[in-house]
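Good morning, colleagues. Please look at the model on the screen while I take you through its charged contacts.

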Amino acid sequence: MPILYEPQSPRGDHGIWKLTYGQPIKVPFNFVWNGKTSGGELLNLVIDTSCYVIINIKEYIDDTFSIISKTIQMGINNSIMIEINQEESYLLRMGKEYHMTISLYDSSNNLIRILLRDLPIKI
């Protein structure tokens, strides 16, 4: 199961990604799988850097249209860097909540798994 680690928030808004309207951001995301197989072997999934992710930010999770959509190459250590520039940040309205999903694809464009099903974003 993927776990998204984020810094502890002093605002008490755990589980919601708070962004400031009109402010560009550059945030690293690290995906970690730790666990055991049914045979008891330790599992630590390493995502190949030939894979990529598609990030979609939508007003409603079931929307077919994404307000922001990005394709990002997977980095080392199961990490990606999410950047939202100033122009994109103005697409997200103040006082609204949005939803972000992250899907992992291999180099042949096959869906491997959903890394993040729904991260609420508050502007």
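This is a predicted model: local features need pLDDT of at least 70, side-chain atom pairs count only at pLDDT 80 or more; totals for chains, interfaces and linings use all residues.

Residues are numbered from 1 along each chain as its sequence is written, and side-chain values use heavy atoms, with hydrogens and water left out.

A salt bridge here is a side-chain nitrogen of Lys or Arg within 4 Å of a carboxyl oxygen of Asp or Glu. The count comes to three salt bridges.

Let us begin with E59. E59 pairs with R93, with the closest N and O atoms 3.6 Å apart. E59 lies in the loop between β6 (52–58) and β7 (68–73), and R93 in the loop between α1 and β9, so this pair ties together parts that are 34 residues apart in sequence. Helices (H or I, at least four residues) and strands (E, at least two) are DSSP runs, numbered from the N terminus.

E59 also meets K96 in a salt bridge, at 2.4 Å from N to O. Because K96 lies in the loop between α1 and β9, this pair ties together parts that are 37 residues apart in sequence.

Is E59 buried or exposed? E59 is buried, with a relative accessible area of 17%; buried means under 20%, exposed over 50%, and partly exposed in between (1.4 Å probe, protein chains only). R93, at 45%, is partly exposed, and K96 is partly exposed at 23%.

Finally, E88 forms a salt bridge with K70, at 2.9 Å between the closest N and O atoms. E88 is in helix α1 and K70 in strand β7, 18 residues apart. Both E88 and K70 are buried.
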